[in-house]
Amino acid sequence: MGIKFDDPVRERLVSMMRVRQEEMTAAELLAAVIWLQKGMPWTFYRDLARHLWDEIRHALFGQAALEAEGYDWHSRPQYTSDYDVNIEKMPGTQYAWLSIGIEEGAMKRPGKVGEFEFCRDEAKHPLMAQFQDYDWADEVTHAAFGRTWTPELFGEDLGYIREVAKHELDHFWGEVRKAHEVAAAEGKV
Ligand SMILES: [Fe+2]
Ligand SMILES: [Fe+2]
């Protein structure tokens with residue numbers, strides 16, 4: 001993150017590659033939920049294992065795209081906030097933050113479809129357009145998993161869980177903003 005380009009389309013494209021590559025932090029959040037959440041049906045762990053695998057695949061999309069363009073993705077610190085900010089929370093809350101807050105939220109335009117269309121129509125980058133197409137399709141599945149399992153975890157309906165997820169999103173973005181301000185003050189971004 002943070003590379004500046006003269007061309008805003010190029011800047012957004014490379015930033016999107018980097019955001020994909022940093023999705024290991026989403027995989028780590030899911031690994032923690034699978035480990036910490038006890039007593040759910042076998043199908044819950046199967047669905048979250050599929051979800052975790054998808055997030056690792058998204059990170060590999062980003063790695064492949066950056067390496068194809070000659071970027072050394074090791075050269076900058078990794079973003080780890082999905083895990084770092086949420087790990088203090090109950091596992092069900094962590095999962096609601098991701099599946100309902102982030103992933104169901106990404107179903108609204110511009111969201112995931114907007115990222116795909118940007119790569120296809122503005123950046124005209126076939127590799128990233130293909131990756132974002134897969135990424136979008138996976139997010140549809142992840143949001144559906146969230147709608148299936150968060151009511152089981154909370155014993156509440158989706159209306160309540162969306163409120164919880166919104167509250168957690170607000171907290172998360174506040175923490176990310178603070179961390180960014182600290183890094184900026186230290187000249188790291
Ligand atoms: Fe993802
Ligand atoms: Fe996802």
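**Figure 1. Glu 55, a buried residue of helix 3.** In this predicted model, Glu 55 is buried, with a relative accessible area of 1%; buried means under 20% relative accessible area, exposed over 50%, and partly exposed in between (1.4 Å probe, protein chains only). The residue is placed in helix 3, where helices (H or I, at least four residues) are DSSP runs numbered from the N terminus. Although buried, Glu 55 has no salt bridge, and the nearest side chain of opposite charge, Arg 20, is 7.0 Å away. The side chain of Glu 55 does make a polar contact of 3.1 Å with that of His 58. A polar contact is a pair of N or O atoms within 3.5 Å; within protein, one must be able to donate a hydrogen and the other to accept it, and residues adjacent in sequence count only if both atoms are side-chain atoms. Leaving aside residues up to four places away in sequence, Glu 55 touches Glu 23, Ala 26, Ala 27, Leu 30, Glu 103, Glu 139 and His 142, contact meaning heavy atoms within 4.5 Å.

**Figure 2. The site of the iron ion (ligand 2).** Four residues supply the protein donors of this ion: Glu 55 (OE), Glu 103 (OE), Glu 139 (OE) and His 142 (ND1), lying 1.9 to 2.3 Å from it. Donors are N, O and S atoms within 2.8 Å of the metal (3.2 Å for Na, K and Ca); water is not among the atoms, so sites may look incomplete. The angles among the four donor atoms are 84 to 150°, and the site is irregular. Four donors count as tetrahedral if all angles lie between 85 and 135 degrees; four count as square planar and six as octahedral if opposite donors are over 155 degrees apart and all others between 65 and 115; anything else is irregular. Along the chain, the donors follow the spacing E-x47-E-x35-E-x2-H. His 142 is buried, at 0% relative accessibility.

**Figure 3. The site of the iron ion (ligand 1).** The protein donors here are Glu 23 (OE), Glu 55 (OE) and His 58 (ND1), which lie 1.9 to 2.2 Å from the ion. Their spacing along the chain is E-x31-E-x2-H. The iron ion (ligand 1) is 3.4 Å from the iron ion (ligand 2), and Glu 55 coordinates both. Glu 23, in the loop between helix 1 (8-21) and helix 2 (24-36), and Glu 55, in helix 3, link distant parts of the chain, 32 residues apart. Glu 23 is buried, with a relative accessible area of 10%.

Figure 4. Gln 132 is in helix 7 and, at 0% relative accessibility, counts as buried. A polar contact of 2.9 Å joins its side chain to that of Glu 115. Beyond residues up to four places away in sequence, the contacts of Gln 132 are Met 16, Arg 20, Lys 112, Glu 115, Phe 116 and Cys 119. Glu 115 also forms a salt bridge with Lys 112, the closest N and O atoms being 2.9 Å apart. Glu 115 and Lys 112 are three residues apart in helix 6 (residues 111-122), a separation of about one helical turn, and both are buried. A network of salt bridges links Arg 20, Glu 23, Lys 112, Glu 115 and Asp 135.

**Figure 5. Two further salt bridges.** The whole structure contains 19 salt bridges. Arg 50 forms one with Asp 54, with 2.9 Å between the closest N and O atoms. Both residues lie in helix 3, four residues apart, about one turn of the helix. Arg 50 is partly exposed, with a relative accessible area of 36%, whereas Asp 54 is buried at 2%. The side chains of Asp 121 and Arg 120 meet in another salt bridge (2.7 Å, N to O). Asp 121 is partly exposed at 37% relative accessibility, and Arg 120 is partly exposed at 43%.

**Notes to all figures.** Residues are numbered from 1 along each chain as its sequence is written, and chains are lettered from A and ligands numbered from 1 in the order in which they are written. In this predicted model, local features need pLDDT of at least 70 and side-chain atom pairs count only at pLDDT 80 or more, while totals for chains, interfaces and linings use all residues; side-chain values use heavy atoms, with hydrogens and water left out.

Technical notes:
Helix = DSSP H or I, 4+ residues; strand = E, 2+ residues; numbered from the N terminus. Lys, Arg positive; Asp, Glu negative; His and termini not counted. Salt bridge = Lys/Arg side-chain N within 4 Å of Asp/Glu carboxyl O.
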